[in-house]
Amino acid sequence: MKAQAPRGTQDILPAEQPYWDLVRQTAAEVARQYGFQRIDTPMFENTRVFERGVGQGTDIVEKEMYTFEDKGGDSITLRAEGTAPVVRAYIEHGMHKLPQPVKLYYICPIFRFERPQKGRYRQHHQFGVEALGEMDPALDAEVIELLWTLYARLGLQGLSLQINSIGDGKCRPRYLEELRSYYRAHLDEVCDDDRVRFQKNPLRLLDCKVPSCQAIANRAPHSADFLCDECAAHFAGLRRSLDLRGLKAEVNFRLVRGLDYYTRTVFEIWPAHGGAQSTIGGGGRYDGLAEELGGPPTPGIGFGTGIERIILNYKEAHPEGLPPPAADVFMVAAGDGARDRATELSVGLRQSGIAVAGAYGERSFGAQMKAAGGSGARFALILGQDELASGQASLKDLANGEQVLVPMDRLVPELQARLAVRAP
Ligand code: HAM
């Protein structure tokens, strides 16, 4: 048997890790700047959290969940999205008693049984934020600004921001009636999936990807034309607040999103090529979700963005790539006693926050210098017999070949200054 990772999953090898570190660190930093605090929820939930939260008629709940019965007979589902678990935790821990809004973020794996393709996996990872307990459309705009800032800081290019409002429990029924009566006249022209959507989830008719359904969807009535006064004012407030932040949004009346909990604001950020099918990030408002999960009425707004997709776009914008991680200093020890001294020195260097590498086994000076050159380290620290006798070490800058002698007891400050590393 040749063991392989399961279909739709991938190993993140060391050469890829710098991209992951960069995205995770930038995401955490941007979240901090907008006042979001980290939350981690379990890798799995009771199945009903997703069934109730995401909705029975959605692709996620109908076809994509990794659900199993555990040995205690409970139905368990691997985290299929991030929002319902965070809202579940908000309710469970009485966070409605905290000052509102409660602003949370997460970085975690998500599991969906999807057809694997470029940028689509069965285990992917999301950076997501959820802000709970506030209706103000300025918060919707702030959440969108946060996501946009993350992408801008990573240098992603050619992105477009798509927004829409799908109303709430008060005004959406009238819109859905209108949408149904429009589609009723076209049922013999649309695809089979659309005929099912017509019955079960008419809003999703609008994001059908089948080419022959496009013209029909393009002429469908717009949800934004059927908003009640409160939802219309909210949508106007969102657009005004986006304007104030210098964010250009395209109102896209076909944007509806694939999860049932959304109310009012929905948004996505698309890359230059690929449109909706390669969405980098998306989200919206979910003012009824907390009640659906048994909590007090609590408005909420958030997004999720796929880290794999961010990295795909990052690599397109930065074809030069990121260097693999490397040590700061490579120890080169030649002759009697040098290796022991190098071992002692490396302990102190590491305690001072310096990353140290070196050769193993007996190697010639030449072989060690070659290994130092290939290691990616900034410096070689050379301990030969002359150096040992004089209590000094040679520090060679491997980028420009410059070499200086440094007294051993000055090595730490000298290296710290040259590397500009802070002492731990
Ligand atoms: P979602 O649109 O299902 O929303 O996923 C958010 C993002 O996760 C997508 O835009 C995409 O970048 C990434 N993604 C989704 N599925 C895959 C996949 N199979 N492979 C790779 N990347 C994928 C949600 O999950 C909502 N919880 C977002 C949200 C948060 N809404 C409000 N708050």
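**Entry 1**

I began with helix 1, which passes helix 5 in a right-handed crossing. For handedness I used this rule: a crossing is left-handed if the near helix is turned anticlockwise from the far one by less than a right angle, and right-handed if clockwise. The model is a predicted one, where local features need pLDDT of at least 70, side-chain atom pairs count only at pLDDT 80 or more, and totals for chains, interfaces and linings use all residues. I also kept in mind that residues are numbered from 1 along each chain as its sequence is written, and that side-chain values use heavy atoms, with hydrogens and water left out.

Helix 1 covers residues 17-33, and I found its axis 10 Å from that of helix 5, at an angle of about 140 degrees. Axes here are lines fitted to C-alpha atoms, for helices over the stretch in contact, with angles from 0 to 180 degrees between N-to-C directions. Helices (H or I, at least four residues) and strands (E, at least two) are DSSP runs, numbered from the N terminus. Helix 1 and helix 5 are therefore oblique to each other; angles under 35 degrees count as roughly parallel, over 145 as roughly antiparallel, 65 to 115 as roughly perpendicular and the rest as oblique.

Next I looked at helix 5 (residues 137-153) with helix 9 (residues 229-244): their axes come within 8 Å and cross at roughly 45 degrees. This pair is therefore oblique too, and helix 5 passes helix 9 in a right-handed crossing.

**Entry 2: the ligand**

I then turned to the ligand, which has 27 residues around it, with E81, E114, E130, Y262 and I280 coming nearest. "Around" means that a heavy atom of the residue lies within 4 Å. By type I noted 8 nonpolar, 12 polar and 7 charged residues in this shell. Strand 6 (123-132), strand 10 (281-285) and strand 11 (300-306) each give the shell at least two residues.

For ligand nitrogen atoms I listed a distance of 2.6 Å to a side-chain N or O atom of E81, 3.0 Å to a polar side-chain atom of Y261 and 3.5 Å to a polar backbone atom of G119. Taken alone, the ligand exposes 660 Å², and the protein buries 95% of that (Shrake-Rupley method, 1.4 Å probe).

**Entry 3: backbone details**

I checked the peptide bond from Q100 to P101 and found it cis, with omega near -5 degrees. P101 sits in the loop between helix 4 (83-92) and strand 5 (102-111).

Definitions and conventions. Polar contact = N/O pair within 3.5 Å; in protein donor to acceptor, adjacent residues only side chain to side chain. Nonpolar A, V, L, I, M, F, W, Y, C, P; charged D, E, K, R; others polar.
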